[in-house]
Amino acid sequence: MIRLVIFDLDGTLLNTLDDLAAAGNHVLAEHGMPTHPVEAFKIFVGDGIRKLVERMCPPDTNEEMLVQLHQEYNRWYGTHSEDQTRPYPGIIELLDQLLKRGVHTAVLSNKPHPIARALCPRYFGDRLMLVHGQREGFPRKPDRALVDEILQLTGTSAAQCLYVGDSGVDMQTAKNSGVTALGAAWGFRSVEELRANGADAILEKPADLLKFLVETT
């Protein structure tokens, strides 16, 4: 029986793309660097802010500048992370239905921990049992360490857990942790990427998770 669902945040629970792109393009423009269409940030995100900054910058950007841009990005995004961000349609209803069924929910994100911890209560209230973002000194996804920590803190076995995410990194995280990997087709990355990285099933919309629970019980 499934007792816990771990969700990715960006591109899975929250559509954060416009705010992530606005922060990136603001920082780039401040330094006279080429900016990008919003859609390009779907490929830049997923491996933490530092990697996003590397991907959005020209290839010849030196390390000192990358460090500076990373800091500037974090400052700008920290005060503009809720300008256009919204839950995907059907997410609030899904979380409510999971709670009614006695299924706990948690978030595991490569977004900086303080921002993830601030955004989740703002949009989801107390529906989430745990929220883990990227923390200094802890590995990022797809390392299994933080999934293992969530399983331990919630008293859940891998067999009782589902992991829902929108990227190949999320599917790898689930596979590395021995939990079922469900791909969110409404997110930032393609269904092909999700399948190529081991998705056990594809969810076309949030409500499909409830169908999956019924079919696998």
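1. In this predicted model, Ser109 touches Asp8, Leu9, Asp10, His132, Gly133, Gln134 and Lys141, leaving aside residues up to four places away in sequence. Ser109 belongs to strand β4, which covers residues 104–112.

2. The relative accessible area of Ser109 is 2%. Because burial is assigned under 20%, Ser109 is classed as buried. A polar atom of the Ser109 side chain lies 2.9 Å from the backbone nitrogen of Lys111.

3. Helix α1 (residues 17–30) and helix α4 (residues 63–80) have axes that come within 9 Å and cross at roughly 135 degrees. The two helices, α1 and α4, are therefore oblique to each other. The crossing of α1 and α4 is right-handed.

4. The residues that meet between these helices may be listed by side. Helix α1 contributes Asp19, Leu20, Ala22, Ala23, Gly24, His26 and Val27. Helix α4 contributes Leu69, Glu72, Tyr73, Trp76, Tyr77 and His80. By class, the contact of α1 with α4 comprises eight nonpolar, three polar and two charged residues.

5. Pro59 is located in the loop between α3 (49–56) and α4. With a relative accessibility of 88%, Pro59 counts as exposed, since the exposed class begins over 50%. Pro59 and Pro89 are 30 residues apart along the chain, and their C-alpha atoms are separated by 37 Å.

Conventions:
Residues are numbered from 1 along each chain as its sequence is written. This is a predicted model: local features need pLDDT of at least 70, side-chain atom pairs count only at pLDDT 80 or more; totals for chains, interfaces and linings use all residues. Side-chain values use heavy atoms; hydrogens and water are left out. Axes are lines fitted to C-alpha atoms, for helices over the stretch in contact, and angles run from 0 to 180 degrees between N-to-C directions. Helices (H or I, at least four residues) and strands (E, at least two) are DSSP runs, numbered from the N terminus. Angles under 35 degrees count as roughly parallel, over 145 as roughly antiparallel, 65 to 115 as roughly perpendicular and the rest as oblique. A crossing is left-handed if the near helix is turned anticlockwise from the far one by less than a right angle, and right-handed if clockwise. Contact means heavy atoms within 4.5 Å. Ala, Val, Leu, Ile, Met, Phe, Trp, Tyr, Cys and Pro count as nonpolar, Asp, Glu, Lys and Arg as charged, and the others, Gly among them, as polar. Buried means under 20% relative accessible area, exposed over 50%, partly exposed in between (1.4 Å probe, protein chains only). A polar contact is a pair of N or O atoms within 3.5 Å; within protein, one must be able to donate a hydrogen and the other to accept it, and residues adjacent in sequence count only if both atoms are side-chain atoms.
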